[in-house]
Amino acid sequence: MKWIEKFPRNIKPTYEELVWFLPERIRELFLVFDNEMMYKYNVYNNYPRFDKSSGWTYGYCRNYRIELLSVTIGDDSFNVLGVTVKDDESLNAMLEKCKTKYEEGYEERYALLTAAKKANQIERTKFRLDREKKGLAELTENIDTSKFNKIKWSEKVSRNKLVKLYHSEAKGLLDEDLLDEIGYTFYTRCKQARDTREGLERGEIICHYCGTVHKAVSYTALIACPCGYYYTYREYRRSCNSNNIPGGRATEIFNAFTSKWLLCKSASERMLLIDGLVHECHVSAMTGVKGRSVCMNLMDGTLSQIKDMLEMLAGNK
Ligand SMILES: [Zn+2]
């Protein structure tokens, strides 16, 4: 069956389907070519498009679709730069042409276009930030800016305190005040995260000074709280994300802690619950399964500082 009949415009073949469409001998030649593109010229088969006469065609390029060449597929051959490849000889002739094409200034073209795209990106970002800044200045013209978007998130748990707690437990003299302090810090942060993120999904924000819930009418409109503080939904949401407020794939871990903490009856139960959470942090920091952010969401310090501490608590150091 012809390539274009098997894969018409509405059926885009995967890379595997492309490879398996080719007869075995041609497939080997194609893979040699594909490999050479990757290792010699650092270009990849990543821009499929449909052409009326030759069907699905593949561009070999890096990012920004800066293309070195493209490949069309025949019944028992493939075509690159006008060479129909069906045996070693035509393969070599084609690879020679690729080399010439590459040397005709691909790197220069790539550097030039990439720089232009980046400059454009920077320009657009600058424009956006200027516009946002101007917007915020207009918005806050008549209000007390010391009360504008003063967002204060619950604290993370201090690594030092956590280490102290574990030492006290290891000595058989569990420091219960410290235990409660740490537990409540975890609890407050997880609880605030849950309330905040659930609210944000509904377009609501919670005043960090009086707890009033506000429905945002738009992304950027001024929200005035009766207590005297002001917010915008956009900055509030950004602040939530940039402050590592718990959420994402590990949400169920944080929520489980929030629901169980207040139900704990004894110090040993509370220690067990904290230890479970610390264990989850350890697992996620080491494997990244739940997103490495779990520990960053809850504990102060950099990822490597937290990792070191967790390894130590787990007795591996
Ligand atoms: Zn308020």
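Helices (H or I, at least four residues) and strands (E, at least two) are DSSP runs, numbered from the N terminus. This is a predicted model, in which local features need pLDDT of at least 70, side-chain atom pairs count only at pLDDT 80 or more, and totals for chains, interfaces and linings use all residues. Residues are numbered from 1 along each chain as its sequence is written.

**View 1. Y106 in helix α5.** Helix α5 covers residues 106–139, and Y106 belongs to it. A residue is buried if 20 or more other C-beta atoms lie within 10 Å of its own, exposed if 12 or fewer, and partly exposed in between; C-beta atoms are placed from the backbone. Y106 has 19 C-beta neighbours inside 10 Å, so Y106 counts as partly exposed. I66 is 40 residues from Y106 in sequence. In space, the two are 8.8 Å apart, C-alpha to C-alpha.

**View 2. Helix α7 against helix α9.** Helix α7 runs over residues 176–201 and helix α9 over residues 251–261. Their axes come within 9 Å and cross at roughly 120°. Axes are lines fitted to C-alpha atoms, for helices over the stretch in contact, and angles run from 0 to 180 degrees between N-to-C directions. Angles under 35 degrees count as roughly parallel, over 145 as roughly antiparallel, 65 to 115 as roughly perpendicular and the rest as oblique. α7 and α9 are therefore oblique to each other. The crossing of α7 past α9 is left-handed, a term used if the near helix is turned anticlockwise from the far one by less than a right angle (right-handed if clockwise). From α7, the contact takes in G183, F186, Y187, C190, K191, A193 and R194. From α9, F254, N255, F257, T258 and W261 meet them. Two residues are in contact if their C-beta atoms, placed from the backbone, lie within 7 Å. By class, this contact of α7 with α9 has seven nonpolar, three polar and two charged residues. Here Ala, Val, Leu, Ile, Met, Phe, Trp, Tyr, Cys and Pro count as nonpolar, Asp, Glu, Lys and Arg as charged, and the others, Gly among them, as polar.

**View 3. Helix α7 against helix α10.** The axes of α7 and α10 come within 10 Å. They cross at roughly 45°, so α7 and α10 are oblique to each other. α7 passes α10 in a left-handed crossing. E176, L179, I182, G183 and F186 of α7 make the contact with A267, R270, M271, I274 and L277 of α10. By class, the contact of α7 with α10 has seven nonpolar, one polar and two charged residues.

View 4. Helix α10 has 21 residues, 267–287. At 1.5 Å a residue (times one less than the number of residues), α10 should span 30 Å, and its end C-alpha atoms are 30 Å apart, which agrees. Buried in α10 are R270, M271, I274, L277, V278, C281, H282, S284 and A285. These buried residues pack against α6 (159–170), α7, α9, α11 (293–298) and α12 (303–313).

**View 5. Helix α6 beside helix α12.** The axes of α6 and α12 are 11 Å apart, at an angle of about 0°. That makes α6 roughly parallel to α12. R159, V163 and Y166 of α6 contact Q305, I306, M309 and L313 of α12. By class, the contact of α6 with α12 has five nonpolar, one polar and one charged residues.

**View 6. Two asparagines with positive phi.** N42 has a positive phi of about 60° although it is not a glycine. N42 lies in the loop between α3 (24–41) and β1 (44–51). With 15 C-beta neighbours inside 10 Å, N42 counts as partly exposed. N244 is not a glycine either, and has a positive phi of about 55°. Its place is the loop between α8 (233–242) and α9. N244 has 18 C-beta neighbours inside 10 Å and counts as partly exposed.

**View 7. I143 in the loop between α5 and α6**. I143 has 14 C-beta neighbours inside 10 Å, so I143 counts as partly exposed. Leaving aside neighbours within four places in sequence, I143 is in contact with F148 and Y230. I143 and Y230 are 87 residues apart in sequence and 8.5 Å apart in space, C-alpha to C-alpha.

**View 8. H208 in the loop between β6 (204–206) and β7 (213–215)**. With 20 C-beta neighbours inside 10 Å, H208 counts as buried. H208 touches I151 and K152, not counting residues up to four places away in sequence.
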